[in-house]
Amino acid sequence: MDTPLTHGWVELPSGFEVELEHGIPVRVGNAGLALPPDSAALEEEIARETGLRVQIGRWEPVEGELEARLTVSRDDLAEVLRRLARASASVFVDRFVKAYDETDTDYGQGAFAQDFSLALGYCGLDWGSVDQEPFYRDYLETFKAETERLAQRPDEASSSA
């Protein structure tokens, strides 16, 4: 079963909150709780809940609470790309009301380039620091499979991105 592409703030078992974009953790908030003396336990909790390993950045005050940016582990780049491929597939099916096929290569290449750039940002990596070629096939396979799944259930396309 694929990880849900949850979008928004989700409460963790500890009471902290994590913000997700397409199932990718991007920020953590303390929800008024005291900060842990060691971030490792909170990072492990986020990994258990999201399936992605993260590093917590500097805590900063935001609207009376504290929030910190999250950086997903470089080792999870492929999974981040798969989640983005699924989200982009939803947009594709919503727009074209069909599955991706070989006549849509420009769209697939463009979606990959955009999502690869986003994935690098989520993982704190710079453009050019990672060879994109090894990731392209997996991304396209995920994208195509998700468009096929969603094209058979068009009501899901607009609700899954």
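Start at Ala31, which is partly exposed, with a relative accessible area of 29%. Here buried means under 20% relative accessible area, exposed means over 50%, and partly exposed lies in between (1.4 Å probe, protein chains only). Ala31 sits in the loop between E3 and helix H1 (39-50). Helices (H or I, at least four residues) and strands (E, at least two) are DSSP runs, numbered from the N terminus. Check the backbone of Ala31: phi is near 50 degrees, a positive value in a residue other than glycine. Most residues other than glycine have a negative phi.

A word on the model. It is predicted: local features need pLDDT of at least 70, side-chain atom pairs count only at pLDDT 80 or more, and totals for chains, interfaces and linings use all residues. Residues are numbered from 1 along each chain as its sequence is written, and side-chain values use heavy atoms, with hydrogens and water left out.

Next, select His22. This residue is in the loop between E2 and strand E3 (24-29). His22 is not a glycine, yet its phi is positive, about 55 degrees. Is His22 buried or exposed? His22 is buried, with a relative accessible area of 19%.

Now select strand E1 (residues 8-11) and strand E2 (residues 17-21). They pair in the antiparallel sense over four bridges; pairing requires that DSSP finds at least two bridges between two strands. Find Val10, which stands opposite Val18 in E2. E1 and E2 form a hairpin with five residues between them. In the turn, Gly15 has a positive phi of about 100 degrees.

Move on to helix H2 (residues 77-96) and helix H4 (residues 133-152). Their axes come within 8 Å and cross at roughly 40 degrees. Axes are lines fitted to C-alpha atoms, for helices over the stretch in contact, and angles run from 0 to 180 degrees between N-to-C directions. On the H2 side, the contact (heavy atoms within 4.5 Å) includes Leu81, Leu84 and Phe92. Among its H4 residues are Phe135, Tyr139 and Phe143.

Select H4 alone. Its buried residues include Leu140, Glu146 and Leu150. H4 has 20 residues and reaches 30 Å from its first C-alpha to its last, close to the 28 Å expected; the expected span is 1.5 Å times one less than the number of residues.

Finish just after H2. Val97 takes a positive phi of about 50 degrees there.
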